[in-house]
Every structure is written in structure tokens, then in C-alpha cells.
Amino acid sequence: MPSSSSLIHGISISVSDDDEATGKVRVRVRRKRSRGPASASARRRRILFRAARLGVPLLLAALAVCLLLYESYRLTPSRSSTLPPPSFADISRLSRNARAADGARKSCLKFLDPEKLQNLELPEIPETNLSMKEVLYRSSLPHIVNDTPPHTENSRFNLFTGYQTLTEREESFKMKKSVTVHCGFYNENGGFRVSDVDREYMRSCEVVVATCAFGGGDDLHQPIGMTENSIRKVCYVAFWDEVTRAAQEEEGHTISEDLVIGLWRIILVSDLPFSDQRLNGKIPKLISHRLFPMARYSIWVDSKSQFRRDPLGVLEALLWRSNSSLALSEHGARSSLYDEAKAIVKKHKATPEEVEVQLDQYRRDGIPDEKRFNGKKALAEASVIVRNHAPLTNLFMCAWFNEVVRFTSRDQLSFPYVLRRLRPPGVHLFPVCARKDLVNSFGHKRKVKPLVKDTT
């Protein structure tokens, strides 16, 4: 009979007929072969294998980080004054990135194709049938000795704004052939000084894209998406103070000899009139017609945003096509100024006391707590303002600026009030998605430094 074998835990037990007969069982233990000492080449291979197993993932991670940094560098606008103008390829690339981050997003604005934009001209100045033909600024009138009424310590009116009384405020909302209104630059000692060279440059502008950063605030985002036609015809102007210039120079961003950084012409402002830097920023934002007296159109862009469209194309899409005079974005979260006031207090953007003073005045003036005006939201988000510089639009912006000075610096609160009081035709509140078509928002980079006024 052939022998049978079973393996239990490395022990081989063999049983034969003879063993069964004698009752003997032979146990044979299999010994594990001992390995000889590993060779040097084998050890090197093992070390290389382990290094590769650990190093390859690290290498792939490093490559991924490098790719992300490279893409971030390509998307971040350069601040060098020697870069060539961006092209329409930039806007396409950013649009793809936006869709990748936010999902599919359709454009809310229909712009002319690049060929038409290249040949786009400013329209002729239309004749208007409006009863209001002229705006006179109190700073342009001869000053009277007793023209400065007493004011309280809490008042923010000063030599730059003039000291508007409630009677003068009420008169500024009455539509007449000629309206006299406070609108900044009241006195030559009021501040917001620029050089003669800068002043002459601003007088040469017919179309302006403007931004500002005071107190060392945000970086300067280079505009993209424009045509050569707009580069020739549009002034890109950024207002800085010395604090912002010093902060930017520390980061290696210096103003060139021809006073530009990239496409932006830098205007340095001295003797800012307000200690509140938000109020100083309202000057180029709301009363740009006082800074650019020969301009016909202007586009305001907050410093936290990058303008990403052709300026002439934006004017055509938001003003000329619909015969509008002023265009800005609807508020994305709220519709009522009274709801906005609650949000401002909740977010500590103004004190409850100063907000309540403003609301009390608006209630006395008969402003209702309504969410719609002429079928649209009455509340605006004013990070982008597109406007002409016609007399009625200038009056609207002057009145808006005066409200911001008199009450809180939050211009969202005062816009619905001025809109209801003046009721100007041609105000276009476009949807939030259209604003996202116009700018890339990066948020505020750093907190601005408050201006310390010399009281000596």
C-alpha cells in the first residue's frame, strides 16, 4: 500500500504498513531553510524600492502644487507697467475657471462681438426733453461771509462738502431748469488735492474706468477683456494716497516714470478731507463728474474687483442699447432699505444710533417700507456703477453723495431714498448675475488704515 502523508503545522507524519504493524510512527520535522546573508545589490534594490514607494506620492503631490501655483500666477494680473494689454483669450479662460468653480453659468449680458467692439464709437449727445437743464455747484458760486452755518461736533460736513442745511437739502430734490446743489469741492482749502499734471490728464478723459484704494487697502487688479479700441479711447484711473503707495512699494509694485502700473494711470491724492477712509472713497465713486469735467461716461469698479469686460461694450450693453443713464446691480440679498438697515446694524457696519437717525429722517420724508420700485428692486449693490455725465445723472450722484456724508457711509441705504425723491428716468438696475459678468471679485485684502487728521 502506498504511504499516505498529512501536513500539520510544518510537521510531516509518514505512516507505512510496517509501521502500522509494529505500532510505530515516524515523525519527520521539516526544517526551514535558512537564508544566507543578502548581497549588497539586493539591499540597494530594497532601499530603492522603499524610497520609490514613499517618494512617488510626494513627487506627484509636489507637481500638483506647482501646477496650482502656476495657474494661480497666470490668473493673477501682473502689476508691471511693461506687460502687453490682455486679450479676449483672458476673459475666456477666466470664464471657464468660473464655470468650473461655480458650475455652469450663463451670461446675463449680451455683448457685441469683438469685430463690432473694435469699431464702436461714442454716440452723438442726444437732445433731452427734461425740464432740468443745468446743475450749479455751490463751490462754483461766490462765497458769502455767513455761508458757513454752525455745525455740531458729530457732523461730517466740512470745507470740502460745504455745510448743507436741511432746507438746502430739500431744495436739491426739486426739479427745476437750473438746480444748485452741494457736490464736494466747496472750498479750495477743503482737500482732495492732485497735481497739475494729474488734473490736466483727468480733463483729457472722455470715458473713464475708475477705482481707488486709500489707507493702504486693496491691491490693484489689472483689467482684462478689452479691445484695442477701448485701450485707445478709455482712461483707466486709480486714485491712491501716499499710504497705499508705500504699502504697494513694499510689495514691489512701483509707479513707472509715466505714472502708470499696467493699464492703470495712478493719481496720487493728498490732504484727504475725511478721517473715515470709506467717505474718502465715495468722492471718486459718486462724484466722478467733478473729477473728470470733460468726461461723458464713467464706470466705477470697487478696489476688491477686477474689471473683466470691454468698457465701450459695457456702455453699449447697459446704457446705449436701453437708452439708460445710470446702471448698477440689484442687491443680491435684500430689497428694502429698512431690511438693509437691520443687516448693517447686525453686521456692525454702522452704529444703531446713526442708522436710526437716518431712518427717522426717511420716515418723516414719507419713504415707505416697500421692496419694489417701478416693478424692480429699489435696493442696489453699488460695487459697479455705469453712468453718463448728463446734468440729471450728475444731480442724482451729488444728492446721493450728500446723503452719505450727512448720515451713514453705507451708500446702499441712501440710494433708494434719492431714487424715490428724484425719480429720474433711465435708471437700470441689472441682475446680480450681470455684475458677475462684469467683474471678478477677490474680496478685500487688508484693512485700511484710518486717516489721522492733524488738528494743530
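Is Tyr297 counted as buried or exposed, and at what relative accessibility? In this predicted model, Tyr297 has a relative accessibility of 7% and therefore counts as buried, since the term applies under 20%.

Aromatic contacts were examined across the structure. A pair of aromatic rings is described by the distance of the centres and the angle of the planes. A search of the whole structure finds 16 aromatic pairs. In one of them, the ring centres of Tyr297 and Trp320 are 5.6 Å apart and the planes meet at 70 degrees, so the arrangement is edge-to-face. Because Tyr297 belongs to strand 10 (residues 297-301) and Trp320 to helix 11 (residues 311-320), this pair ties together parts that are 23 residues apart in sequence.

An edge-to-face pair is also formed by Phe396 and Phe415, with 5.7 Å from centre to centre and 65 degrees between the planes. Phe396 is located in helix 14 (residues 391-406) and Phe415 in helix 15 (residues 411-422), and the pair links these distant parts of the chain, 19 residues apart. Phe396 has a relative accessible area of 1% and is therefore buried; Phe415, with a relative accessible area of 0%, is buried as well.

Arg43, Arg44, Arg45, Arg46, Arg50 and Arg53 form a positive surface patch. Arg53, one of these residues, is found in helix 2 (residues 40-75). With a relative accessible area of 53%, Arg53 is exposed, because that term applies over 50%.

Conventions. Residues numbered from 1 in each chain as written. Predicted model: local features only at pLDDT ≥ 70, side-chain atom pairs only at ≥ 80, totals over all residues. Heavy atoms only, no water. Patch = residues over 30% accessible without salt bridge, like charges linked within 9 Å, V, L, I, M, F, W, Y side chains within 5 Å. Areas by Shrake-Rupley, 256 points an atom, 1.4 Å probe, with all protein chains shown as cover. Salt bridge = Lys/Arg side-chain N within 4 Å of Asp/Glu carboxyl O. Lys, Arg positive; Asp, Glu negative; His and termini not counted. Charge placed at Lys NZ, Arg CZ, Asp CG, Glu CD. Helix = DSSP H or I, 4+ residues; strand = E, 2+ residues; numbered from the N terminus. Buried < 20%, exposed > 50% of the residue type's maximum accessible area, 1.4 Å probe, protein only. Phe/Tyr/Trp six-rings, centres within 6.5 Å; stacked < 30°, edge-to-face > 60°.
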